[in-house]
Amino acid sequence: SGFNVTRAALAVTAASLSMTYGSSPPSVTFSSSGFVAGDTTSGIGLGISCTTTAFSSSAPGSAQSTTCSGPAVDQNYSVTYVSGTMTVVSATQTISFTTSPPVGLVAGSTYAPSSVSNSGLSVVITVDPASAGVCTINTGVVTFTTAGTCVLDANQSGNTDFSAAPQIQQTVTGEPAVASPTSSVPPSVSASTGTRPTTVHSGVATVPVTASPSGANRSEEHTS
């Protein structure tokens, strides 16, 4: 009687991979199990192609798969194809300040800082708690309340597509206010007598007197 030789079972499994949101999916590879007598996929001419349901725009956490396909049977093998998964992870983001603080800030001075993220998400700028007594921020404008160091914190908390950005800081310095110089005021002239205060030089006092009836001014010298 003859022998009945059945095909060997061959399993082709699509690789399970991961990708970052916004990037192109990696090429899908496969592994095989069940070859006998040193056979290989290329050795038996088994044409296999693999693909994924994921795209660069696929949302993180969404259910994406990897699959391979090819002939169901070969002369010596019965082939089954096993799917894998493509895990989409959130993209990272970085933020940076786009403004530099001006110099010469004093109490009462203001500064409008600005910061952006490469994700396009809005960045929130706040005053670091350690600087609460030096400056405040309201509707995006920093105001110095006293001289000192004002540290600003920039944060972006992320969303489904992007993970939270690492915090960055900017240091702004407020200088002490410079007092205005006082002006020197010359001695005033008496409105009633039209004279200035008596000046003493080398022991001789010049005593101003009012105008004489004839209209001539005179002064008397007294030696002390």
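**Before starting**

Residues are numbered from 1 along each chain as its sequence is written, and side-chain values use heavy atoms, with hydrogens and water left out. As the model is predicted, local features need pLDDT of at least 70 and side-chain atom pairs count only at pLDDT 80 or more, whereas totals for chains, interfaces and linings use all residues. Strands are DSSP runs (E, at least two residues), and helices are runs of H or I of at least four residues, numbered from the N terminus.

**Stop 1: the four-stranded sheet**

Select strands β2, β7, β5 and β4, which form an open sheet in that order with mixed pairing. Two strands count as paired if DSSP finds at least two bridges between them. At the edges lie β2 and β4, each of which pairs on one side only. From one strand to the next the twist averages 25°; axes are lines fitted to C-alpha atoms, for helices over the stretch in contact, and angles run from 0 to 180 degrees between N-to-C directions.

Within this sheet, select residues 64–69 (β5) and residues 84–89 (β7). These two strands run antiparallel and are joined by three bridges. Ser65 has Thr85 of β7 as its bridge partner.

**Stop 2: Thr52**

Next, select Thr52, which is located in strand β4 (residues 49–52). Is Thr52 buried or exposed? Its relative accessible area is 16%, so Thr52 is buried. Buried means under 20% relative accessible area, exposed over 50%, and partly exposed in between (1.4 Å probe, protein chains only).

Two polar contacts can be displayed here. Such a contact is a pair of N or O atoms within 3.5 Å; within protein, one must be able to donate a hydrogen and the other to accept it, and residues adjacent in sequence count only if both atoms are side-chain atoms. The Thr52 side chain reaches the backbone oxygen of Ser65 at 2.8 Å. A polar atom of that side chain also lies 3.1 Å from the backbone nitrogen of Ala54.

**Stop 3: the aromatic pairs**

How many aromatic pairs are there? The count comes to two. Rings of Phe, Tyr and Trp (its six-membered ring) pair if their centres lie within 6.5 Å; planes under 30 degrees apart count as stacked, over 60 as edge-to-face and the rest as tilted.

Select Tyr21 and Phe162, an edge-to-face pair with 5.7 Å centre to centre and 85° between the planes. Tyr21 is in the loop between β2 (17–20) and β3 (30–33), and Phe162 is in the loop between β14 (148–155) and β15 (168–174), so the pair ties together parts that are 141 residues apart in sequence. Tyr21 is partly exposed at 22% relative accessibility, whereas Phe162 is buried at 17%.

Then select Phe35 and Tyr77. Their ring centres are 5.3 Å apart and their planes stand at 80°, so this pair is edge-to-face. Phe35 sits in the loop between β3 and β4 and Tyr77 in strand β6 (residues 77–82), 42 residues apart. Phe35 is partly exposed at 22% relative accessibility, and Tyr77 is buried at 0%.

**Stop 4: the three-stranded sheet**

Select β11, β14 and β15, an open sheet in that order with antiparallel pairing. Its edge strands are β11 (124–127) and β15, each pairing on one side only. Seven bridges join β14 to β15, and Asp153 stands opposite Gln169 in β15.

**Stop 5: the nonpolar cores**

A nonpolar core is a set of buried Ala, Val, Leu, Ile, Met, Phe, Trp, Tyr and Cys residues joined through side-chain atoms within 4.5 Å. The largest has 16 residues, and Phe144, Cys150, Leu152, Ala154 and Val172 have the most contacts inside it. Strands β8 (95–97), β11, β13 (141–144) and β14 each supply at least two of its residues, with the largest share, three residues, coming from β14. A second, separate core of twelve residues includes Ala14, Leu46, Cys68 and Met86.

**Stop 6: Gly108**

Finally, select Gly108, in the loop between β8 and β9 (110–111). Gly108 counts as exposed, at 53% relative accessibility.
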